[in-house]
Amino acid sequence: MTSQRELMLRGEQYFSNDPELVEARLRAKRLCHKYNQEPIDLDKAVLKELLGYETDAYVEAPFRCDYGVNIRFGKMFYSNYNLTILDCALVTFGDNIMIAPNVTIATAGHPIDPQTRISGWEFAKPITIGDRVWIGANVTILPGVTIGADTVIGAGSVVTKDIPARVVAVGNPCRVLREIKEGENK
């Protein structure tokens, strides 16, 4: 029989209150709490335990996630305060990522039908963020989105669809404003 965890990771509807998933979220919540208790000397050992691998990522506290084990940080990852990652599906970051304060990255979604929604069913779609992406303050990235390499997502944006490489994109919903020219510094 297929577990709810397997359904979740395959992007199919799953029952979010499944005891195995509840326990996994509690584990992550405990580890995030422990990590957030030392905001000056960030505890890399706790981050390793949360993620399941060693990383050079610098994640300012406070940090929150659903599971931790579905997050893949590339090299030279930096996030400022209040990063929230709802990692019910895989969240993959490229190398040299910069994330401003108060960013939410949410792979989880809920059915539109109210009866299905209130019964505890949800779905999750992976999110991929390419190399050298800068995400501005107060950005929300929704399920299934891919952001191409070298892109800037402007502050306050709500990213609902894929964003190509080498662009500045802003707004709600987030849209491409312009391409980034070679050597551009402003």
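**Ground rules.** Residues are numbered from 1 along each chain as its sequence is written. As the model is predicted, local features need pLDDT of at least 70 and side-chain atom pairs pLDDT 80 or more, while totals for chains, interfaces and linings use all residues, and side-chain values use heavy atoms, with hydrogens and water left out.

**Sheet.** I looked up the strand order and got E2-E5-E8-E13-E16-E18-E19, an open sheet of seven strands with mixed pairing. Strands here are DSSP runs of E, at least two residues, numbered from the N terminus, and two of them pair if DSSP finds at least two bridges between them. E2 (58-59) and E19 (175-179) are the edges: each has a single partner strand, so one side of each has no neighbour in the sheet.

Next I checked E5 (residues 78-79) and E8 (residues 98-99), which run parallel and are joined by two bridges. Tyr-78 sits opposite Met-98 in E8.

**Rings.** I counted five aromatic pairs. Rings of Phe, Tyr and Trp (its six-membered ring) pair if their centres lie within 6.5 Å; planes under 30 degrees apart are stacked, over 60 edge-to-face, the rest tilted.

Tyr-58 and Tyr-78 have ring centres 5.8 Å apart and planes at 15°, so they're stacked. Tyr-58 is in E2 and Tyr-78 in E5, 20 residues apart. Tyr-58 is partly exposed at 34% relative accessible area, and Tyr-78 is partly exposed at 28%.

Phe-77 and Phe-93 come out edge-to-face, because their centres are 4.8 Å apart and their planes at 65°. Both Phe-77 and Phe-93 are buried (under 20% relative accessible area; exposed is over 50%, partly exposed in between, with a 1.4 Å probe and protein chains only). Ring pairs also link Phe-73, Phe-77 and Phe-93 into a cluster.

Technical notes. Helices (H or I, at least four residues) and strands (E, at least two) are DSSP runs, numbered from the N terminus.
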